[in-house]
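Trainee: Can you walk me through this one? I'd like to start with the words I need, then go piece by piece.

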Amino acid sequence: MDRILVVDDEEIMRESLTDWLKEDGYEVLAVEDGFKALEAIQKQTFSVMLVDLKMPKMDGLEVLREVKRLGIETPVIIITAYATVDTAVAAMKEGAYDYIIKPFNPEELGLAIKKIIEHQHLKKENILLRKELSKRYQFQDIIGKSPKMQAVFELIRTVAPTKSTVLIQGESGTGKEMVARAIHEASLRKDGPFIALACGALPETLLEAELFGHEKGAFTGANFQKKGKLELADGGTLFLDEIGDISPKSQVDLLRFLQEREFRRLGGTETIKVDVRIIAATNKNLLKLVEQGKFRDDLYYRLNVITITLPPLRERKEDIPLLITHFLEKYNIETGKRIEKISEAAMNILMDYHWPGNVRELENTIEHAVVVSEGNTIMPNSLPDFLKKKEPTPIDTSKSLEEMEKQHIIQVLKEQQGNISRAAEILGINRVTLYRKMKEYDIKIEDSDK
Amino acid sequence: MKSIYILPLGEIAPEILTAIKTELTNVFQVPTKILMPVANPSYAFEPKRCQYYSSKILKAISQYLPHDGLRVLGITEVDLCTPVLTFVFGEALLDGVAAVISLARLRQEFYQLPANMAILINRAVKEAIHELGHTFGLVHCNDSQCVISFSPNVLSVDHKGSNFCPLCQEILTNRIVEMIEPK
């Protein structure tokens with residue numbers, strides 16, 4: 001049922017409006033001043049607010065201003081028995097939906113409310129349709145409509161039913177463990193266990209004990225037998241995070257297991273065979289570590305049967321609004337709040353930021369914003385301070401000057417849709433020089449579409 | 001069996017009262033009786049608007065509901081309004097015991113047209129059923145033919161029928177049965 005909030009200091013007006021609106025099938029809450037109205041709209045949603053212009057303490061225009069400041073989108077109809085052109089203009093300028101003089105013609109107010117309600121029903125329908133659409137942009141808990149994420153989803157679907165070892169690469173916070181879980185959930189092993197182990201956090205000996213388990217008395221402090229993660233993950237999936245950080249000795253142990261699919265507990269003599277799918281993940285460039293001799297090439301090739309590379313958030317900014325909607329829903333449930341949207345200004349700030357901490361950082365930011373927001377909309381002042389100080393996008397220092405120049409030219413050409421003259425002007429070089437550099441770096445116009 | 005009571009507020013033409021009595025009995029399926037008239041509702045007069053507040057009349061006529069009364073419907077010739085509306089053809093409280101209708105704006109003469117008793121009776125019957133419908137918990141219906149649809153002007157009163165749509169009729173019947181034969 002649609003709910004209407006009536007704000008009028010005169011009891012007779014409140015009663016009369018309430019009775020009339022109830023006959024029209026609306027649920028009505030009537031309050032006598034602006035403070036109570038503002039309290040009410042932060043607790044529940046109303047389809048329309050009917051606010052009297054002249055009230056002691058806080059007049060109708062002040063109420064309207066506060067509603068807008070809180071980012072609450074409920075349309076406000078200002079009602080008054082003392083109409084002047086000035087107040088009407090002021091009300092409309094402040095964002096009132098309508099301005100109606102008391103007493104009203106029954107047709108006038110009825111139609112104004114009906115129009116608003118119909119508009120809101122359309123809006124709700126639109127939101128539902130969007131939700132339906134967003135399901136297409138979700139793979140279990142992973143969200144993304146960008147071509148890069150759609151390709152990741154496709155790869156997950158392809159590899160999930162196989163037994164292959166998977167290597168997930170991506171910066172911190174890109175959701176590597178979520179992808180590993182998604183593969184497990186979509187696989188035939190989904191009824192088996194999913195065990196995760198953050199290898200990088202453990203010293204070599206501890207990692208060994210965690211992976212393979214130990215017998216009683218295997219080492220000082222081993223007072224009882226303990227099963228390792230490999231055993232616990234039997235019939236399921238073992239997710240080894242931060243694989244690029246493990247020691248050479250651990251690399252050998254893991255390689256042996258991957259080759260033989262069997263192991264012995266520390267201090268044990270019995271060979272244990274397990275059926276475990278290994279999914280490894282790293283935020284490092286494993287191939288580079290191999291080249292530097294820091295990671296065994298044979299282990300690399302064992303792990304790298306199928307590689308899924310997760311793009312950093314800055315490379316899939318079109319997914320940010322979708323992710324925000326997802327996190328808003330999540331934290332509304334967790335905090336019991338009703339934040340419905342994000343203001344354009346706040347969205348611009350989030351879109352401009354380079355998100356070094358990726359999706360995890362975005363999630364933390366939205367959680368912060370939901371907690372501190374007062375109304376039903378996230379405004380810029382609800383965002384953490386670090387976002388408001390514009391930081392330059394970091395430069396990738398691993399690239400050579402030539403590579404940087406090439407990438408910059410491709411980027412500018414892309415932004416200018418391949419227009420050479422405009423790109424040359426932005427780059428501060430003439431067209432001939434740009435053509436020469438394009439030839440030198442083997443840049444074709446179609447590269448700028450990539 | 002409980003009855004609906006019609007209370008004339010001032011002098012009301014007998015043919016109007018009789019027509020309303022007959023139609024209410026038909027539509028609500030409960031006996032309808034006409035009470036002795038009471039004086040014009042001068043207590044509800046609002047001098048600034050030269051009209052009468054319907055809510056004040058509603059409060060007053062509730063006291064005239066007899067012990068065996070289910071609902072009381074006041075009928076008046078005075079022009080009614082509420083503090084927020086410029087006029088009303090009638091008023092009732094949702095799930096209340098009293099309703100009131102005014103004949104003032106249902107008359108052709110109000111719109112500078114020749115008097116027509118048949119039209120007046122037709123409109124008065126619809127408004128009486130409409131307002132009493134509210135007292136049984138019905139809200140405005142979106143079906144413009146349903147008698148409980150909202151009528152902001154006399155043209156829309158003429159447009160709608162004098163019966164409830166099937167859905168509203170079912171709700172109404174259930175409500176009345178519950179009241180007359182409580183479980």
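Mentor: Start with helices. A helix here is a DSSP run of H or I with at least four residues, and helices are numbered from the N terminus. By that count, A:N358 sits in helix α15 of chain A. Keep in mind that this is a predicted model.

Trainee: What is the phi of A:N358 like, positive or negative?

Mentor: Positive, at about 55°, although A:N358 is not a glycine.

Trainee: And is A:N358 buried or exposed?

Mentor: Buried. The cut-off is 20 or more other C-beta atoms within 10 Å. A:N358 has 21, so it counts as buried.

Trainee: Switching topic. Where is there a cis peptide bond?

Mentor: Go from A:K102 to A:P103. Omega is near -10° there. A:P103 belongs to the loop between β5 (98-101) and α5 (106-136) of chain A.

Trainee: How do you get from β1(A) to β2(A)?

Mentor: Follow helix α1 of chain A, residues 11-23. Together β1(A), α1 and β2(A) make a right-handed β-α-β unit.

Trainee: Why is β1(A) called largely enclosed?

Mentor: Count its residues, 3-7. Four of the five are buried, so the rest of the structure largely encloses this strand.

Trainee: Okay, chain B. How many helices and strands does it have?

Mentor: Five helices and eight strands. In sequence order the pattern is β-α-β-β-β-α-β-β-β-β-α-α-α. Chain B has 183 residues, and 42% of them are buried.

Trainee: What about contacts in chain B between residues at least 6 apart in sequence?

Mentor: Of those, 65% join residues at least 24 apart.

Trainee: Which strands of chain B form the open sheet?

Mentor: Three strands do, in the order β3-β4-β6, with mixed pairing. The edges are β3 (45-46) and β6 (80-81) of chain B. Each has a single partner strand, so one side of each is left without a neighbour in the sheet.

Trainee: How does β3(B) pair with β4(B), parallel or antiparallel?

Mentor: Antiparallel, over two bridges; β4(B) covers residues 51-53. Find B:F45 there, and you will see B:Y52 opposite in β4(B).

Trainee: Which helix lies across β4 and β6 of chain B?

Mentor: Helix α2 of chain B, residues 54-62. It runs at about 50° to β4(B).

Trainee: Now put the chains together. How many residues are in contact?

Mentor: 16 residues of chain B touch 17 residues of chain A. On the chain B side, ten are nonpolar, six are polar and none is charged.

Trainee: Last one. What confidence does the predictor report?

Mentor: For the complex, an ipTM of 0.85 and a pTM of 0.55. Chain B has a mean pLDDT of 94, with 99% of its residues at 70 or more.

Notes
Residues are numbered from 1 along each chain as its sequence is written. Chains are lettered from A and ligands numbered from 1 in the order in which they are written. This is a predicted model: local features need pLDDT of at least 70, side-chain atom pairs count only at pLDDT 80 or more; totals for chains, interfaces and linings use all residues. Two residues are in contact if their C-beta atoms, placed from the backbone, lie within 7 Å. Ala, Val, Leu, Ile, Met, Phe, Trp, Tyr, Cys and Pro count as nonpolar, Asp, Glu, Lys and Arg as charged, and the others, Gly among them, as polar. Two strands pair if DSSP finds at least two bridges between them. Axes are lines fitted to C-alpha atoms, for helices over the stretch in contact, and angles run from 0 to 180 degrees between N-to-C directions. A residue is buried if 20 or more other C-beta atoms lie within 10 Å of its own, exposed if 12 or fewer, and partly exposed in between; C-beta atoms are placed from the backbone. A crossover is right-handed if, with the strands pointing away from the viewer, the path from the first strand over the helix to the second runs clockwise. pLDDT is the predictor's confidence in each residue, from 0 to 100.
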